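Please keep the sequence and the model in view while reading.

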Amino acid sequence: MYQQAAWFTTIIFIAGIIGVFLYIINNSDQKEDYGTVKHKGHQLQKFYFLALIVVFSIATVITLKDLPFERAKAQENQIIVDAIASQFAFELSQNEFEVGQPIEFRVTSKDVNHGFGIYDENMQLIAQTQAMPEYTNPIYITFTKPGTYKVLCLEYCGIAHHVMQATISVY
Ligand SMILES: [Cu+2]
């Protein structure tokens with residue numbers, strides 16, 4: 001659906017640009033007094049510049065208001081799990097959970113920047129954040145299916161980055 005909207009928008013913009021080019025080509029043989037043309041052009045420029053600012057400001061406000069996905073929020077009865085990344089392992093204060101239990105992972109790093117990506121059994125990324133030294137980034141997640149989930153590092157952090165992982169079991 002978003003793909004389609006992107007396509008339509010692109011095509012409309014391309015059509016608009018082609019239209020402008022055709023208009024300019026069509027009118028390029030008309031001779032006018034240089035002074036008048038310059039004056040008119042300047043006025044037009046001012047008008048289009050303002051119009052662009054207005055159109056893009058409105059478009060920005062409208063499109064930034066809502067994310068195309070639901071944002072996870074903190075819950076009252078959530079379990080808090082400390083997740084500490086370091087070269088080249090994840091240390092989780094708990095890695096066994098129940099289906100339907102809201103969890104907050106508090107993700108940080110002991111050394112360099114790492115990624116913290118939670119993958120389901122089909123190796124689809126279901127949640128992720130950065131693991132950064134001196135920062136704690138939360139992930140709010142409620143597992144809806146039992147199974148074995150994997151945590152993988154998503155940022156190249158050194159020679160053994162590719163082996164950096166942890167396992168989460170959900171019952
Ligand atoms: Cu890494």
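A residue is called buried if its relative accessible area is under 20%, exposed if over 50%, and partly exposed in between (1.4 Å probe, protein chains only). Helices (H or I, at least four residues) and strands (E, at least two) are DSSP runs, numbered from the N terminus. The model is a predicted one, in which local features need pLDDT of at least 70 and side-chain atom pairs count only at pLDDT 80 or more, while totals for chains, interfaces and linings use all residues. Residues are numbered from 1 along each chain as its sequence is written, and side-chain values use heavy atoms, with hydrogens and water left out.

The overall division of the chain comes first. The domain assignment, whose bounds come from an automatic or database source, gives domain 1 (2–65) and domain 2 (79–170). Taken over C-alpha atoms, the centres of domain 1 and domain 2 lie 47 Å apart. Leu44 belongs to helix α2 (residues 34–65). Its relative accessible area is 45%, and Leu44 is therefore partly exposed. Between the C-alpha atoms of Leu44 and Lys150, which are 106 residues apart along the chain, the separation is 58 Å.

An unreviewed UniProt entry places the feature "domain: Cytochrome oxidase subunit II copper A binding" at residues 76–171. UniProt positions are given here in the numbering of the model, feature names are shortened, and annotations may be inferred rather than shown by experiment. Over residues 76–171 the chain is 55% strand and 0% helix, with its end C-alpha atoms 21 Å apart.

The strands can now be taken in turn. Two strands count as paired if DSSP finds at least two bridges between them. Four strands form an open sheet in the order β2-β1-β4-β7, with mixed pairing. Its edge strands, each pairing on one side only, are β2 (89–92) and β7 (137–142). Strand β1 (residues 79–86) runs parallel to strand β4 (residues 102–109), and seven bridges join them. Within this pair, Ile84 has Thr108 of β4 as its bridge partner, and Ala85 stands opposite Ser109 in β4. On β7, by contrast, the pairing with β4 is antiparallel and comprises six bridges; here Arg106 is partnered by Pro138 in β7. Strand β4 is mostly covered, seven of its eight residues being buried.

A further pair is formed by β5 (residues 114–119) and β6 (residues 125–131), which run antiparallel and are joined by six bridges. Tyr119 stands opposite Leu125 in β6. The two strands β5 and β6 make a hairpin with five residues between them, and Met123 in the turn has a positive phi of about 60 degrees.

Which residues coordinate the copper ion? The donors are Cys153 (SG), Glu155 (O), Cys157 (SG) and His161 (ND1), at 1.9 to 2.4 Å. Donors are N, O and S atoms within 2.8 Å of the metal (3.2 Å for Na, K and Ca), and water is not among the atoms, so sites may look incomplete. In sequence the donor residues follow the spacing C-x1-E-x1-C-x3-H. The arrangement is tetrahedral because the four donor atoms subtend angles of 86 to 122 degrees around the copper ion; four donors count as tetrahedral if all angles lie between 85 and 135 degrees. Cys153 and Cys157 are both buried.

Terms used
Tetrahedral: all angles 85-135°; square planar, octahedral: opposite > 155°, others 65-115°.
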